[in-house]
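Dear colleague,

Please find below the sequence and structure that I am handing over to you. My findings follow directly after it.

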Amino acid sequence: MGALPVFRWRLAPDGYATRRQLRAQGLRPGGQDVAAQLERSRRRRGPLVAYLYRVEMAKPVRPMTPARWAALAKANAARRFCPECRRDAGYVIPPSLGMCAPCAYPDTQHAA
């Protein structure tokens, strides 16, 4: 395989798309290799690079099966569970805290 074509940021020709752009169209790369890349120069660091795929070679996104929906629901429920107080926090616990807000800040009570 030769060198990839390189385009400047926002100047890629029609028929190319990033993974996110494909997903927004209900598509996925489908096993194809990267067809080109975008580069955006930066002052003090290397360029930002985005990989592009051919839209006509993309395949439709696979539909969610009942088993995948169940696994996703279970994973999201685990993210709501506080390991400190062992309760459902009612929201996804931020990874930066690692526990629900009342456990992370026990001295701060609702002052109203």
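The side chains of arginine 54 and glutamate 56 are joined by a salt bridge, with 2.9 Å from N to O. A salt bridge here is a side-chain nitrogen of Lys or Arg within 4 Å of a carboxyl oxygen of Asp or Glu. Arginine 54 is partly exposed, at 21% relative accessibility, whereas glutamate 56 is exposed, at 54%. (Buried means under 20% relative accessible area, exposed over 50%, and partly exposed in between, with a 1.4 Å probe and protein chains only.)

Please note that this is a predicted model, in which local features need pLDDT of at least 70 and side-chain atom pairs count only at pLDDT 80 or more, while totals for chains, interfaces and linings use all residues. Residues are numbered from 1 along each chain as its sequence is written, and side-chain values use heavy atoms, with hydrogens and water left out.

The structure holds two salt bridges. Besides the pair already described, aspartate 88 forms a salt bridge with arginine 80, and their closest N and O atoms are 3.2 Å apart. Arginine 80 is partly exposed, with 31% relative accessibility. As a general point, side chains of opposite charge can pair when their charged atoms come close.

Turning to the sheet, four strands form an open sheet in the order β1-β4-β5-β2, with mixed pairing. Its edge strands are β1 (6–8) and β2, each of which pairs on one side only. Strands (E, at least two residues) and helices (H or I, at least four residues) are DSSP runs numbered from the N terminus, and two strands pair if DSSP finds at least two bridges between them. Strand β4 (residues 36–40) pairs with β5 in the antiparallel sense over five bridges. Within this pairing, leucine 38 stands opposite alanine 50 and glutamate 39 stands opposite valine 49. Strand β2 (residues 16–17) is likewise antiparallel to β5 (residues 48–54), over two bridges, and alanine 17 faces tyrosine 53 there.

Cysteine 82 is buried, with a relative accessible area of 0%, while cysteine 85 is partly exposed, at 27%.

Proline 83 lies in the loop between α2 (66–80) and α3 (101–104). This proline is partly exposed, at 47% relative accessibility. Proline 83 and glycine 98 are 15 residues apart in sequence, and their C-alpha atoms are 7.9 Å apart in space. Leaving aside neighbours within four places in sequence, proline 83 is in contact (heavy atoms within 4.5 Å) with Gly98 and Met99.

Finally, Met64, Trp69 and Leu72 form a nonpolar patch on the surface, with about 300 Å² of accessible area together. Such patches consist of residues with over 30% relative accessible area and no salt bridge; like charges are joined within 9 Å, and nonpolar side chains (Val, Leu, Ile, Met, Phe, Trp, Tyr) within 5 Å. Accessible areas come from the Shrake-Rupley method with a 1.4 Å probe, and for residues only the protein chains shown count as cover. Leucine 72 is found in helix α2 and is partly exposed, at 39% relative accessibility.

With kind regards
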